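Please look over the notes below with the structure open beside them.

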Amino acid sequence: MKKLMVGMALTATLATAVTPGFGSIGGNQEKAYAATVTYKVTASKLNVRSGAGTTYGIIGSVVKGQTLSVMSKSGSWYKINYNGRTGYVSSDYVQASGTATPPAESTTYTVTASTLNVRSGAGTNYASIGSVTKGQKLSVMSKSGSWYKINYNGRTGYVSSDYVQASGTATPPAESTTYTVTASTLNVRSGAGTNYASIGSVTKGQKLSVVSKSGSWYKINYNGRTGYVSSDYVQASATASPKLVVDSFKTLGNAQQVILVTADNYDTKSAKIQTFEKVDGKWKQVLTANGILGQKGFALSKKEGDMESPTGKYTIGTAFGRYANPGTKLPYRKITANDVWVDDSKSSLYNTWQQKPANGRWTSAENMDIPAYDYGFVINYNESRTPGKGSAIFFHVGTNYTAGCTATSKEQVVSILKWLNPEKNPVIIQSPVSELDKY
């Protein structure tokens, strides 16, 4: 089906790019004029819509050769001034002549997590320097991997982009980039072209503060004023993404999804839950959440009834819940009023899911039809069902402490259930931070 075709010319005055060159500083300083860019549509008629997409209503149309003022670009749409109101036209049918690019549509960044750590670097291995709360607006400077660089109380901080919602259709800030001069001497000019006067120079290896790019010129901050240098003699290198903790693990085998549960030491019941997924051969962090362990923390050697959570690496078993499948790809079992998990070490059914009545098959079992098990999954611990070694080890809903399981909020449990994919051989690793080198 052909796209709706509309034609018109759009004219906008936009900032020019910088012009570099070699040579001595000299000549009269010239004023950097803004570059005039004309946007000309090739179709006969083009709808003007109330928003940046074909799902928005049509508020009018423009015709081939008509001139409009372009305010910004959002994805494949131009935001324009249409008869005194804001409208949007598809950039697919608009031809732009000139080198400048319309400014990006402004975007609002809002925290979606109840509490989100602000870290000193782009990774969970960096120290927390504070936190932001749900609904808070953030001043985002750039994006690096899955982290947003923000202005936090006058200093630089980083937050996970997984818990920040960008409203609007603009693309998030580009990944942080370092710009380095490669020429022995490079003129800084007053405008984007060699016809502009040189206002100074920079030297090989010097780092530049680049404001924008226009054509083959970088607009830079030069000693507190605006200058332009040729991009031919400036090397832009993207900042490397920080190394993730799972990158150093050597026991993951063919696992492509990892749930990592860590605590500061063996004796704390507070835990950090992180999820990671391997995409195109590289690990990517997906989620970070607060969690809880057994009342007495992690176990050095797990025993039945010790109120401690086992450490180690385990596969993921059946997902379960008291309600319908929330959307997990794991095998899912809905809990009934008769479901129990046998914790009687003397029973031949020890550490298995059964249904009442017991009929002498066990003397004790844990009731499954409780709020903590609204949603969860089985951690495949003690699959050999060694008597006394521990039973009913789950990942489930909880806010205080557990009897030996791992728990977090219902929202996070459901999110993880939806994310887990048995085809990616997911595993869960539980460990004090000091012992992660075991994995």
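1. The largest cavity in this predicted model has a volume of about 30 Å³. A search for cavities of 30 Å³ or more finds 1 in the structure. Rolling a probe the size of a water molecule over the atoms shows where empty space is left.

2. Which residues line the largest cavity? They are Thr124, Asn125, Lys243, Leu244, Val245, Gln274 and Phe276. Sorted by class, this lining has 3 nonpolar residues, 3 polar ones and 1 charged one.

3. Across the whole structure there are 12 aromatic pairs. One of them is edge-to-face: Tyr179 and Tyr218, with 5.1 Å centre to centre and 70 degrees between the planes. Tyr179 belongs to strand β17 (residues 177-181) and Tyr218 to strand β22 (residues 217-222), so this pair ties together parts that are 39 residues apart in sequence. Both Tyr179 and Tyr218 are buried.

4. A stacked pair is formed by Phe377 and Phe395, whose rings are 4.9 Å apart centre to centre, with 5 degrees between the planes. Because Phe377 lies in strand β35 (residues 375-379) and Phe395 in strand β36 (residues 394-397), the pair ties together parts that are 18 residues apart in sequence. Are Phe377 and Phe395 buried or exposed? Both are buried.

5. Some rings join into a cluster: ring pairs link Phe320, Trp341, Trp353, Tyr373 and Phe394. Trp353, a member of this cluster, also has a charge over its ring, as the charged end of Arg333 sits there, 4.0 Å from the ring centre.

Note on methods: Residues are numbered from 1 along each chain as its sequence is written. This is a predicted model: local features need pLDDT of at least 70, side-chain atom pairs count only at pLDDT 80 or more; totals for chains, interfaces and linings use all residues. Side-chain values use heavy atoms; hydrogens and water are left out. On a 1 Å grid over the protein atoms alone, a cavity is a set of points where a 1.4 Å probe fits but cannot get out, and a pocket is an open set with protein on both sides within 12 Å along at least five of seven lines; lining residues have an atom within 4 Å of a point. Grid points are joined across faces, edges and corners, and a volume is the space filled by probe spheres set on the points. Ala, Val, Leu, Ile, Met, Phe, Trp, Tyr, Cys and Pro count as nonpolar, Asp, Glu, Lys and Arg as charged, and the others, Gly among them, as polar. Rings of Phe, Tyr and Trp (its six-membered ring) pair if their centres lie within 6.5 Å; planes under 30 degrees apart count as stacked, over 60 as edge-to-face and the rest as tilted. Helices (H or I, at least four residues) and strands (E, at least two) are DSSP runs, numbered from the N terminus. Buried means under 20% relative accessible area, exposed over 50%, partly exposed in between (1.4 Å probe, protein chains only). A charge sits over a ring if NZ of Lys or CZ of Arg is within 6 Å of the ring centre and within 35 degrees of the ring normal.
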